[in-house]
Amino acid sequence: MATPSAGPTTARGPGLPASLTPAFLRHLTAQVSAAPNAARVTTTAPYTGAPLADLPVSTPADVEDAFARARVAQQAWAATPLAQRKRILLRYHDLVLARQDQALDLMQAENGKTRRDAFLEVVDIGIVSRYYARNAARYLGPKRRRGAIPLLTHTTELRHPKGVVTVISPWNYPLSMAAGDTIAALMAGNAVVQKPDTQTALTALWSMDLMYEAGLPKDVWQMVIGRGGSIGGALMDDADYMMFTGSTATGRRIASDAGKRLIGASLELGGKNPMIVLDDADIDKAADGAVAACFPSAGQLCVSVERLYVAESLHDEFVAAFVARTEKLKIGAAYDYSADVGSLTTPAQLKTVTEHVDDAVAKGATVLAGGRARPDLGPLFYEPTILTDVTPEMTLHSQETFGPVVSVYPYRDVDDAIRLANATAYGLNGSVWSRNGARGRAVAARVRAGTVNVNEAFAAAWGSIDAPMGGMGDSGLGRRHGAEGILKYTEPQTIAHQRIQGFHPPAGISPATWAALLTTALKVLKTAGLR
Ligand code: NAD
């Protein structure tokens, strides 16, 4: 199956790229909000298991200090004209593109993903920063609304920033997850206190560093490092809004705590995403699509596909094409574009993937491709894996693996495919393949998921930044991107100015006459077609 990368992989894996000098890493880690004598934590590089970064650990008191500074800075930031915020964000956009090699090196070193997977994060942040820079005024500016009494009530909707937003982000997309949701929060006039996953904190710090270089005023964005069990409480206690991305289990806890505090929360959680290959699909394109859907970032992608439903009439031919492509993938560690599939990120991920596959095989699943770890390539590599004969008693049938593992199932007809695709508590992303676009879109609309792609794996919906992205059911609450992705960080306020005459009877008119007049007015308004 998978062959080692043509890149500079050795049995012990590549050393760190030249851009990641000790001085540069110290420059980044010095930006963590933590006391000078803070305890330290060391992260390791997934490609090799060698030590990578030595980071200060923030205490709950450090988090409180970060909030206090952020709260002061936010006042001035909220008063900064949107045009100035826009200039900063567009400069940040340019810096991210210009310095992308640094970001790619950091993401690969911290996460173990391939360079092409890391590059998609650069693209993502380019799109998100341009979009919110150019569209924020449209979303945030004052809006005239229909008044209570036509012509007599002047009503305006204002959008105020929430204040200080907590952003908690995971390790799987170090740049997208660290910056994507923060950009919109900042643009809306909030300050942000962020806790990235420690494993990928360097990329998050790099992103924050560039935003300051682009002109963000001091203290508006702060980064704290630590375990959820240690500083999670402080991050919730001071927040005016909680933006969380991570597992469903942690998301439930965050939602419950946010409920106790009566603050809003946006929760982007796990998935067990289905792909449906309809009986009129182009098999070659669908097989290419399946590879793109299942194995990016070694399957550690919330919107990647772990369940693949194929029309019976195409099943065998599709599976042969999918397996052949998967076996050709180059798996390996390389700080260039030569590898197709990278490493898992943590020993915990390798354990989960191994346990899920072993459990399935022990209960009768058939391995069509992959199915084993590759310690010869690095400590955390696992082959892209295709399984069939998967049954409900196997753990990976319904639980998220978050690895390069997909189960393929045949289905009888479209109703059967929809029933199978929707037989999950999750509802994050889906993918439908058909030669007939209208048919594909009609089937997509029946998949219970926040985003569904037709003839694409996930990038079409994710990259459609003007439209909302997020999960149904156990996959979350709230949305990122589009209007929802920025308005959630604001408090709407309605200012209604009543001119000349209000709802009370004017002097000299009895309440009964006034009631009759208003009743007639309501009838006229309806007849006139007023909405
Ligand atoms: P996780 O919930 O364990 O951790 C995510 C983040 O939350 C980390 O920064 C972690 O330190 C922090 N955290 C953990 N416990 C906390 C607590 N009690 N209080 C505050 N913070 C806490 O998730 P994970 O396993 O590291 O990430 C993978 C999961 O994230 C997968 O389920 C994946 O599907 C999901 N994910 C979803 C999206 C999305 O957009 N829907 C994107 C990426 C990842």
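Strands count as paired if DSSP finds at least two bridges between them. The model is predicted: local features need pLDDT of at least 70 and side-chain atom pairs count only at pLDDT 80 or more, while totals for chains, interfaces and linings use all residues. Residues are numbered from 1 along each chain as its sequence is written, and side-chain values use heavy atoms, with hydrogens and water left out. Helices (H or I, at least four residues) and strands (E, at least two) are DSSP runs numbered from the N terminus.

- Lys143 has Glu157 of strand 5 opposite.
- Thr155 has Ala496 of strand 20 as its bridge partner.

- Another open sheet has six strands in the order 8-7-6-9-10-19, with mixed pairing.
- Its edges are strand 8 (221-223) and strand 19 (476-477), each with a single partner strand, so one side of each is left without a neighbour in the sheet.
- Strand 10 (residues 264-268) runs antiparallel to strand 19, and two bridges join them.
- Leu267 is placed opposite Leu477 of strand 19.
- Helix 6 packs on this sheet, touching strand 6 (164-168), strand 7 (191-195), strand 8 and strand 9 (241-245), and makes about 165° with the direction of strand 7. Contact means heavy atoms within 4.5 Å.
- Helix 8 (residues 228-237) lies across strand 6, strand 7 and strand 9, also running at about 165° to strand 7.

**Helix pairs**

- Two packed helices are described by the angle between their axes and the distance between the axes.
- Angles under 35 degrees count as roughly parallel, over 145 as roughly antiparallel, 65 to 115 as roughly perpendicular, and the rest as oblique.
- A crossing is left-handed if the near helix is turned anticlockwise from the far one by less than a right angle, and right-handed if clockwise.
- In the class counts, Ala, Val, Leu, Ile, Met, Phe, Trp, Tyr, Cys and Pro are nonpolar, Asp, Glu, Lys and Arg are charged, and the others, Gly among them, are polar.

*Helix 3 and helix 6*

- Helix 3 (residues 82-98) packs against helix 6 (residues 176-187) at an angle of about 160°, with the axes 10 Å apart.
- The two are therefore roughly antiparallel to each other, and their crossing is right-handed.
- Helix 3 contributes Leu82, Arg85, Lys86, Leu89 and Tyr92 to the contact, and helix 6 contributes Ala179, Ile183, Leu186 and Met187.
- This contact has seven nonpolar, no polar and two charged residues.

*Helix 10 and helix 11*

- The axes of helix 10 (residues 283-294) and helix 11 (residues 315-328) come within 9 Å and cross at roughly 50°.
- These helices are therefore oblique to each other, in a right-handed crossing.
- Contact residues in helix 10 include Ile283, Ala287, Val291 and Cys294, and those in helix 11 include Phe318, Phe322 and Arg325.
- By class, the contact has nine nonpolar, one polar and four charged residues.

*Helix 14 and helix 15*

- Helix 14 (residues 414-421) and helix 15 (residues 437-446) cross at roughly 40°, and their axes come within 10 Å.
- Helix 14 and helix 15 are therefore oblique to each other, and the crossing is right-handed.
- Val414, Asp415 and Ile418 of helix 14 meet Arg439, Val443 and Arg446 of helix 15.
- Three nonpolar, no polar and three charged residues make up this contact.

**Domains**

- The chain is divided into domain 1 (22-269) and domain 2 (273-465), with bounds from an automatic or database domain assignment.
- Their C-alpha centres lie 30 Å apart.
- At the boundary, 28 residues of domain 1 are in contact with 30 residues of domain 2.

Definitions and conventions. Axes are lines fitted to C-alpha atoms, for helices over the stretch in contact, and angles run from 0 to 180 degrees between N-to-C directions.
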